[in-house]
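Take a look at the model below. We will go from a pair of rings to a pair of helices, and then to the core.

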Amino acid sequence: MLENLETLVALSKTGTMMETATVLKISQSAVSKRIASLEAYYERPLIERDGRRVVLTHHGTRLVERVT
């Protein structure tokens with residue numbers, strides 16, 4: 001769970017799955033899976049995709065604020 005939250009925080013800073021993967025030194029697929037796991041756990045969307053960019057939803061923003 002901690003890795004998933006770390007991934008969401010990194011994603012909020014970088015804005016793309018690819019940049020997050022590079023920063024965390026994991027695959028882009030792993031980033032997607034971690035975010036999907038968090039969304040399943042909290043039972044709500046945490047991100048919205050806008051082409052290659054990613055924007056946090058209201059719930060995603062609140063979660064990042066609580067964990068940082």
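Y41 is exposed, because its relative accessibility is 55%. Y42 has 29%, so Y42 is partly exposed. The cut-offs are simple: buried means under 20% relative accessible area, exposed means over 50%, and partly exposed lies in between, with a 1.4 Å probe and protein chains only.

This is a predicted model, in which local features need pLDDT of at least 70, side-chain atom pairs count only at pLDDT 80 or more, and totals for chains, interfaces and linings use all residues. Residues are numbered from 1 along each chain as its sequence is written, and side-chain values use heavy atoms, with hydrogens and water left out.

Back to the tyrosines. A search of the whole structure finds one aromatic pair. The ring centres of Y41 and Y42 are 4.9 Å apart and the planes meet at 85°, so this pair is edge-to-face. Rings of Phe, Tyr and Trp (its six-membered ring) pair if their centres lie within 6.5 Å; planes under 30 degrees apart are stacked, over 60 edge-to-face, and the rest tilted.

Now the helices. Helices (H or I, at least four residues) and strands (E, at least two) are DSSP runs, numbered from the N terminus. Helix α2 spans residues 17–24 and helix α3 spans residues 28–42; they pack at about 105°, with axes 8 Å apart. Axes are lines fitted to C-alpha atoms, for helices over the stretch in contact, and angles run from 0 to 180 degrees between N-to-C directions. The two helices are therefore roughly perpendicular, a label for angles of 65 to 115 degrees; under 35 is roughly parallel, over 145 roughly antiparallel, and the rest oblique.

Which residues meet? From α2 come M17, M18, T20, A21 and L24; from α3 come Q28, V31, S32 and R34. Contact means heavy atoms within 4.5 Å.

Next, the core. A nonpolar core is a set of buried Ala, Val, Leu, Ile, Met, Phe, Trp, Tyr and Cys residues joined through side-chain atoms within 4.5 Å. The largest one has 15 residues, and L8, L11, M17, I35 and I47 touch the most other members. Helix α1 gives the largest share, four residues. Leaving aside neighbours within four places in sequence, I47 contacts L8, L11, M17, I35, E39, V54, V55, L56 and T57.

Finally, a loop. T16 sits between α1 and α2. T16 is buried, because its relative accessibility is 9%. Not counting residues up to four places away in sequence, T16 touches L11, R52 and R53.
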